[in-house]
Amino acid sequence: MAYVAVKGGEVAIGAAHAWLARVRRGDPSLPQIDAVQIEAQLGRAVDRVMAEGALYDRHLAALAILQAQGDLIEAAFLLRAYRTTLPRLIDTEPVDTGAMRLHRRISAIFKDLPGGQRLGPTTDYTHRLLDFERPEPEPVITTIARTASPAPRATDLLGAEALLEPDPSGTGEPADLTMAALGFPAGRDLRLQTLARGDEGFLLALGYSTQRGYGNTHPFVGELRVGEVAVAITPPELGFAIEIGDITLTECQMVNQFAGSKAVPPQFTRGYGLCFGHADRRAIAMALVDRSMRAEDLGEDVKAPAQNAEFVLSHCDNVEATGFVEHLKLPHHVDFQSALETIRAMRRDAEASDARL
Amino acid sequence: MLDDLSGRAPKTIAARQAWLGVLARASLEEMRSNLADAPDLPDYTILRGPETGMAMARGRIGGGGAAFNLGEMTITRCSIRDATGRVGHGYAAGRDDAKVELIARLDAVLQNAATFAAFHAAIIVPLAKTRADRWAAIEAQAAQTNVNFFTLATMRT
């Protein structure tokens, strides 16, 4: 059904926006928070908005969170809208996550991982007790100054044994969701781009569904790493690569037990998750869903929602989803008027036929 | 296009990559505070920008496979020609016009054999040290969270 535009309501809309601004500010006797504080102190919210807004810029994401009163989907929407005002200048060289300066690196399958395991600033082992005291953090101990040594990806270590499928190679230009609408069948490049910006809750639920038996993939976290990677570009006027800064990424290598099929011998297959910021949950869920959607290619039965690439990719974008779901609350007076007429006519017909009996 | 480096030795390219990488990671304030110890920068004309746009950040499938588009990031660029006729380019992640314009000016004087040493010592060396110190401090914190897990005996043998 078509949406028919309405006119009028300017005064009420103006007053609603003015009230919204006052609600956003809150009690004027309390100090106002600023985007720089959000950037510094609500880092996980910033990470999520950058991922779902599909634009890495910590300050802009913080500004969006502030404007959206902490509604992270609304903030992602603001970021997506802002990005349409910017020209695309260049594509970066693919980042090398093997050279990541690691803040965190854990493996659930190798106890003695070459390069070691490190927890990083994790909440994993906290007791989830609400802290009313909020003690000042301990000062940083910087006496053990040392240089980081990059650690190889765990999957590269396993790969040597050939029990793990290798990374898919390819040299062509990857598909780009921002330049062409999502189409099917979608290659793995397009799937990963779509999942990287997908709604965390949706990815989490789908990943969870695979664990509960809806398309089980027998997953193990081969490695989860968080840290900074250098980003390089090759400007045409220079003709060589230069670094433009660093971004924080989370990468998850999911290793999945696979019994084999007619085409593929028994081995470990893989799901891959990579996303902006420090986001364990997002990266793990993304890797689960990535592997699930490979069901058809690996000759597995496609029965569960998470195995259906068209279903997953068409519904994982929360900015698109919220636009279509929330538009239902806008005036549909004309639409509804026609539906009302239809129902009345059907009633009249039904009553007339009853009377004839 | 704006500048042709094709005839230069790889060593020069490596040096230029190094200083552009250091400058891109420094803040405008850090650069300005080090400028006090450097000679005056020559006059210049803008060739392009400064302008902010986006770079599409790419990853590799599985970490080492074919490339895919991960998501965009903000990037700012600027190109200048200084009074000696040298063309400088500035690129950095983020949206800081003034910083990137200054990078372009520094890129030009660093290409000049006559001024390289003074600017390198005054700007690049201290900024590189700041960067190394920052990374070492993060690594020190990270290394304190290194962990050895022990496997306890389980029912499955």
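Predicted model: local features only at pLDDT ≥ 70, side-chain atom pairs only at ≥ 80, totals over all residues.
Which residue follows α8(A) and has a positive phi? That would be Gly213(A), with a phi near 115°.

Residues are numbered from 1 along each chain as its sequence is written, while chains are lettered from A and ligands numbered from 1 in the order in which they are written.

Let's start with chain A. Its secondary structure comes to 12 helices and seven strands; helices here are DSSP runs of H or I with at least four residues, strands are runs of E with at least two, and both are numbered from the N terminus. The C-alpha atoms fill a box of roughly 85 × 65 × 55 Å along the principal axes.

Chain A is divided into domain 1 (15-83) and domain 2 (97-121 + 152-165 + 182-321), with bounds that come from an automatic or database domain assignment. Their C-alpha centres lie 28 Å apart. Where they meet, 13 residues of domain 1 of chain A are in contact with 13 residues of domain 2 of chain A; contact means that the C-beta atoms, placed from the backbone, lie within 7 Å. On the domain 1 side, α3(A) gives the most, with seven residues. By class, that side has eight nonpolar, no polar and five charged residues. Nonpolar covers Ala, Val, Leu, Ile, Met, Phe, Trp, Tyr, Cys and Pro, charged covers Asp, Glu, Lys and Arg, and the others, Gly among them, count as polar.

Now back to α8(A), residues 200-211. This helix has 12 residues and reaches 17 Å from its first C-alpha to its last, close to the 16 Å expected at 1.5 Å a residue (that is, 1.5 Å times one less than the number of residues). Glu200(A), Leu203(A), Leu206(A), Gly207(A) and Thr210(A) are its buried residues. They sit on the same side of α8(A) because they cover an arc of only 135° around the axis, judged by the directions from the helix axis to the C-beta atoms. What do they pack against? The partners are α3 (43-53), α7 (188-196), α9 (280-292) and α10 (309-315) of chain A.

Chain B has four helices and four strands, which follow the pattern α-α-β-β-β-α-α-β along the sequence. Of its 157 residues, 40% count as buried.

Finally, the two chains meet: 55 residues of chain B are in contact with 69 residues of chain A. On the chain B side, β2(B) gives the most, with 10 residues. That side has 28 nonpolar, 20 polar and seven charged residues. There is strand pairing too, with two bridges joining β1 (residues 55-56) of chain A to β2(B), and the strands run parallel; pairing takes at least two bridges found by DSSP. One of the residues to look for is Tyr56(A), whose bridge partner in β2(B) is Met73(B).

Methods
Buried ≥ 20, exposed ≤ 12 C-beta atoms within 10 Å, placed from the backbone.
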